[in-house]
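This report walks through selected side-chain contacts in one model.

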Amino acid sequence: MMSEPEQVANILKKVIGDLSSEEGSFETQLVAEWEKMLVPEARKHSRLLKVENKALFILVDHPSWYDEFQMKYQSQILQQIQETFGKEKIKRIIIKVGKI
């Protein structure tokens, strides 16, 4: 029979493993959905960076694409993500300019 500290440690490992695999699964699904959200030209000039604190970070390769994403795609992407995955997964989108 396990001692109480060993039992707690095993429970924590299982819970942490479940949470990390759930988050990994969400990010995998998000990448798959990304392909459907944008026209090919916009996808060529952007990529998903990360999800952190319920924010989706998107990298674009030029300031003109930053403007395009801000004006045309940002609210559309957020709406599609929230409809697909629920409103609690992603609350905002942050767009950055950099090398893809």
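The structure holds 3 aromatic pairs. It is a predicted model. Two of the pairs are listed here.

| Pair | Geometry | Centre to centre | Angle between planes |
|---|---|---|---|
| Phe26 and Phe85 | edge-to-face | 5.0 Å | 90° |
| Phe69 and Tyr73 | tilted | 5.1 Å | 50° |

**Phe26 and Phe85**

Which elements does the pair of Phe26 and Phe85 tie together? Phe26 lies in helix 1 (residues 4-37) and Phe85 in helix 3 (residues 63-85), so the pair links parts that are 59 residues apart in sequence. Phe26 has a relative accessibility of 4% and therefore counts as buried. Phe85 is at 18%, so Phe85 counts as buried too; the cut-off is under 20%. The charged end of Lys89 sits over the ring of Phe26, 4.9 Å from the ring centre.

Are Phe69 and Tyr73 buried or exposed? Both Phe69 and Tyr73 are buried. With Trp65, they form one aromatic cluster.

Phe69 also reaches residues beyond its sequence neighbours. Leaving aside those within four places in sequence, Phe69 is in contact with Trp34, Leu38, Ala42, Ser46, Ile58, Val60, Gln74, Ile77 and Ile95.

**The nonpolar core**

In soluble globular proteins, nonpolar side chains tend to be buried together. Here, the largest nonpolar core has 21 residues. Phe69 is among those with the most contacts inside this core, together with Leu30, Leu56, Ile58 and Ile77. Which elements give two or more residues to this core? They are helix 1, strand 1, strand 2 (55-60), helix 3 and strand 3 (92-97). Helix 3 provides the largest share, 7 residues.

**His45**

His45 is found in the loop between helix 2 (40-44) and strand 1 (46-52). Its relative accessibility is 19%, so His45 counts as buried. That value falls under the 20% limit for buried residues. Which side chains make polar contacts with the side chain of His45? One is the side chain of Glu41, at 3.2 Å. Another is the side chain of Asp61, at 2.9 Å.

Not counting residues up to four places away in sequence, His45 touches Leu59, Val60, Asp61, Trp65 and Ile100. Trp65 is a member of the aromatic cluster with Phe69 and Tyr73. Val60 is in contact with Phe69.

**Ile100**

The contact list of His45 includes Ile100. Where is Ile100 placed? Ile100 is in the segment after strand 3. At 43% relative accessibility, Ile100 counts as partly exposed. Its contacts, apart from neighbours within four places in sequence, are His45, Ser46, Arg47, Leu59, Val60 and Asp61. Ile100 and Arg47 are 53 residues apart in sequence. Their C-alpha atoms are 7.1 Å apart in space.

Terms used:
Residues numbered from 1 in each chain as written. Predicted model: local features only at pLDDT ≥ 70, side-chain atom pairs only at ≥ 80, totals over all residues. Heavy atoms only, no water. Helix = DSSP H or I, 4+ residues; strand = E, 2+ residues; numbered from the N terminus. Buried < 20%, exposed > 50% of the residue type's maximum accessible area, 1.4 Å probe, protein only. Polar contact = N/O pair within 3.5 Å; in protein donor to acceptor, adjacent residues only side chain to side chain. Contact = heavy atoms within 4.5 Å. Phe/Tyr/Trp six-rings, centres within 6.5 Å; stacked < 30°, edge-to-face > 60°. Lys NZ or Arg CZ within 6 Å of the ring centre and 35° of its normal. Core = buried A, V, L, I, M, F, W, Y, C linked by side-chain atoms within 4.5 Å.
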